[in-house]
Amino acid sequence: MLELKNISKTFFPGTVHEKTALDNLSLTLHEGDFVTVIGGNGAGKSTTINILCGQLPKDSGAVTICGKNADTDPDAIKRSLGVVFQSSVLDKDLSVRDNLRSRAALYGIRGKQFEARLRE
């Protein structure tokens, strides 16, 4: 259902601030698996989730979710995922409707499609 193969990500490569966040991470999860990811600050947890969600590009490796390749079919993967953040990601300056519109846009849901989903 979810497979990460040799995922690597380095921030600020080639600089004095270079930081390797992920170094050949591999993980396979099957339908029904339940996983908790824990680790200290800087362990790569958020980086991994952001790569899975298509919010951050990986340097190398492959991501497959529900049989779809993240590089060739990112929209299908975004439709297959749901992420619940530890802290609120809502913008307190926006209305509920505008927060929903902002989040929907991340998944390509806009215009009439957004309005229909909002009514649901």
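For my notes, Ala, Val, Leu, Ile, Met, Phe, Trp, Tyr, Cys and Pro count as nonpolar, Asp, Glu, Lys and Arg as charged, and the others, Gly among them, as polar. I'm working on a predicted model, where local features need pLDDT of at least 70, side-chain atom pairs count only at pLDDT 80 or more, and totals for chains, interfaces and linings use all residues. Residues are numbered from 1 along each chain as its sequence is written, and side-chain values use heavy atoms, with hydrogens and water left out.

**Entry: overall layout**

I looked up the elements, taking helices (H or I, at least four residues) and strands (E, at least two) as DSSP runs numbered from the N terminus. The chain has four helices and four strands, and I read their order from the N terminus as β-β-α-β-β-α-α-α. The C-alpha atoms fill a box of roughly 45 × 35 × 25 Å along the principal axes.

Next came burial: under 20% relative accessible area is buried, over 50% exposed, and in between partly exposed (1.4 Å probe, protein chains only). Of the 120 residues, 22% count as buried. I also checked contacts (heavy atoms within 4.5 Å). Among those with a separation of 6 or more, 45% join residues 24 or more positions apart.

**Entry: the largest pocket**

What I call a pocket is, on a 1 Å grid over the protein atoms alone, an open set of points where a 1.4 Å probe fits, with protein on both sides within 12 Å along at least five of seven lines; lining residues have an atom within 4 Å of a point. Grid points are joined across faces, edges and corners, and the volume is the space filled by probe spheres set on them.

The largest pocket comes to about 1,100 Å³. I found 33 residues in its lining, with Leu29, Val35, Val37, Ile49 and Leu52 the closest to the centre. By type, the lining splits into 19 nonpolar, eleven polar and three charged residues. Strand 1 (2–11), strand 2 (19–29) and helix 1 (45–52) each supply at least two lining residues. Helix 1 gives the most, with six.

I looked at Phe11, which sits in strand 1 and counts as partly exposed because its relative accessible area is 27%. Leaving aside neighbours within four places in sequence, I see Phe11 in contact with His17, Glu18, Lys19, Ala21, Thr47 and Leu56.

Asn6 is also in strand 1, and its phi is near 50 degrees, a positive value in a residue other than glycine. At 40% relative accessible area, Asn6 is partly exposed.

Phe12 lies in the loop between strand 1 and strand 2. Phe12 has a positive phi too, about 55 degrees, and is not a glycine. Its relative accessibility is 54%, so I log Phe12 as exposed.

Gln55 is in the loop between helix 1 and strand 3 (60–65), partly exposed at 44%. Beyond four places in sequence, Gln55 is in contact with Asn50, Lys78 and Leu106. I get 9.8 Å between the C-alpha atoms of Gln55 and Lys78, 23 residues apart along the chain.

Is Asn99 buried or exposed? Asn99 is buried, because its relative accessibility is 8%. I place it in helix 3 (residues 96–106). The Asn99 side chain reaches the backbone oxygen of Leu94 at 3.3 Å. Leaving aside neighbours within four places in sequence, Asn99 is in contact with Leu90, Asp91 and Leu94.

Note on methods
A polar contact is a pair of N or O atoms within 3.5 Å; within protein, one must be able to donate a hydrogen and the other to accept it, and residues adjacent in sequence count only if both atoms are side-chain atoms.
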